[in-house]
Amino acid sequence: MAHFNQNFLDSIERDLPSHLSMEDFIAYSNKPLRLSIRVNTLKISSDDFIDLMTQKGWHFDPIPWCKDGFWVTLNQEIQLGNTIEHLQGLFYIQEASSMLPPTALLEQLETTKTAQTCFDNLFENSVVLDMASAPGSKTTQIAALMHNQGLLIANEYSASRVKVLHANVARMGVANCALTHFDARVFGEYMFETFDSILLDAPCSGEGTIRKDPDALKNWDNNDDKGIVDTQKALIESAFLALKVGGSLVYSTCALSRQENQDVCHHLKSLYGDAVEFGSLATLFPQADKACTEEGFLHVWPQIFDSEGFFVAKIHKISAVERQQPEPKKQKNFPFSLAKPKQVEELAQYFKDTFSITLPDNAQMMVRDLEYWLFPNPVMPLIGKMRFQRIGIKLADALKKGYKVRHEAVLALSSPTRFELSDEQAKEFLMGRDISLQEKVKPQGEVIVSYANNSLGVAKHLGNKLKNNLPRDLVKDKIALYSHK
């Protein structure tokens, strides 16, 4: 049972729309959340994933605002985070409501491109910012919606959470991402009018998450929110300054109060007037209007769609605004340089000959010492404007003779040639063990091992066994397998 104090209930009653009841709010807040996942279409189509997992006892109900999101029920209890399919990045365990902001952010870009534009290149030149990214659910959703095209900058203020963010980005096969580690209030000046789209999923009081954590509001006090609201206002101002004219900003929180939601958006409009236009989300998905405010924002209460509480606002930048400070000085000492044509050719040949991988042409090969990286093309003009923690994917390390592929490159770059493993072999591989082969054959050297036709990592084929090359930090103590019925 959720713990409500009277101050919290009084606050909800003030903000709850007249067509919704407090009784329903309390009842739904005390219900456990439905389990929801998002299929990672960078690796597998939703149809193929449903076919694969239906055989393992999964049942799917579509989430109306995310074409690749589903509420799922399982025939047996199993820890989803330890399944092979999760560890190889075929799906992300994500609350249904949190799939709303990326959908709202990119739905218009999808529909306004001309019919002649190649679908694969819809986002080729797009530059998108996720201002508060960790742990990466929305970042990886945006990357999938962008089809790994263009540039997605994922920022996280907490140093420890940057590591979690990178782990999820790598697991999901995201190749178009650059990570930054800043207080997001700096973006307005450092990256003034740079981004086509920005998601600000702002830090908040978290009132909407009570179904996940019944004790979340045990000591709730409305007076504690003032500092949060000041931060939210500063962040939305920074986001608006960093947005290009004609661009779109989505502001979202998992809070329920007007103070952290509608009021923050109106604060932005009070500052920038007609440059700010609120976009309506009433037709974002069927029955979205049930959660719409008069401004066209989505204020999702738990009882409307049987989900967590959430708030989503779409804001368009109609005209230019004045820069508040002079442009910062360009940063020097960037440790990467462009790979030479011979290096590009050699590495491309290595990937093709060894793994049947063709390196993408929408990226730039870069070198740092003996490391080879692939940077998304749109990041190149931004280098020097801001310090990046990590850009793109690490392809390989140079050896005395030849190269050694990196695990994250194998997860992000698709190959038609793989060594398919059984359930038990895949489990052994993810636990860091070598795989014995039934018949001794000619050694094949480095091979990509896969499960369900999706890469798991790299092994060295020695003829009678596969020597495990999984990075030590990814080795798991326990892997969950489905029982066969």
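A polar contact is a pair of N or O atoms within 3.5 Å; within protein, one must be able to donate a hydrogen and the other to accept it. The model is predicted.

**Exercise 1.** Find the polar partners of the Thr140 side chain.

*Solution.* 
1. Locate Thr140 in helix 6, residues 137-145.
2. Check burial: Thr140 has 2% relative accessibility and counts as buried, since the cut-off is under 20%.
3. Look at side chains. Thr140 makes a polar contact with the side chain of Arg38, at 2.8 Å.
4. Look at the backbone. The oxygen of Ser137 lies 3.1 Å from a polar atom of the Thr140 side chain.
5. List contacts beyond four places in sequence: Arg38, Tyr92, Asn168, Val169, Met172 and Val174.

**Exercise 2.** Determine which residues of helix 1 are buried and why they share a side.

*Solution.* 
1. Helix 1 spans residues 6-15, and its buried residues are Phe8, Leu9, Ser11 and Ile12.
2. These cover an arc of only 160° around the axis, so they sit on the same side of helix 1.
3. Recall the geometry: an α-helix has 3.6 residues a turn, so residues three or four places apart point the same way.
4. Turn to the face away from the buried side. Exposed Gln6, Glu13 and Arg14 are there.
5. Identify the cover: it includes helix 2 (22-29).

**Exercise 3.** Describe the surroundings of Val128.

*Solution.* 
1. Exclude residues up to four places away in sequence. Val128 then touches Leu105, Ile142, Met146, Leu151, Leu152, Ile153, Phe195 and Ser197.

Conventions: Residues are numbered from 1 along each chain as its sequence is written. This is a predicted model: local features need pLDDT of at least 70, side-chain atom pairs count only at pLDDT 80 or more; totals for chains, interfaces and linings use all residues. Side-chain values use heavy atoms; hydrogens and water are left out. Buried means under 20% relative accessible area, exposed over 50%, partly exposed in between (1.4 Å probe, protein chains only). Helices (H or I, at least four residues) and strands (E, at least two) are DSSP runs, numbered from the N terminus. The arc is that of the directions from the helix axis to the C-beta atoms. Contact means heavy atoms within 4.5 Å.
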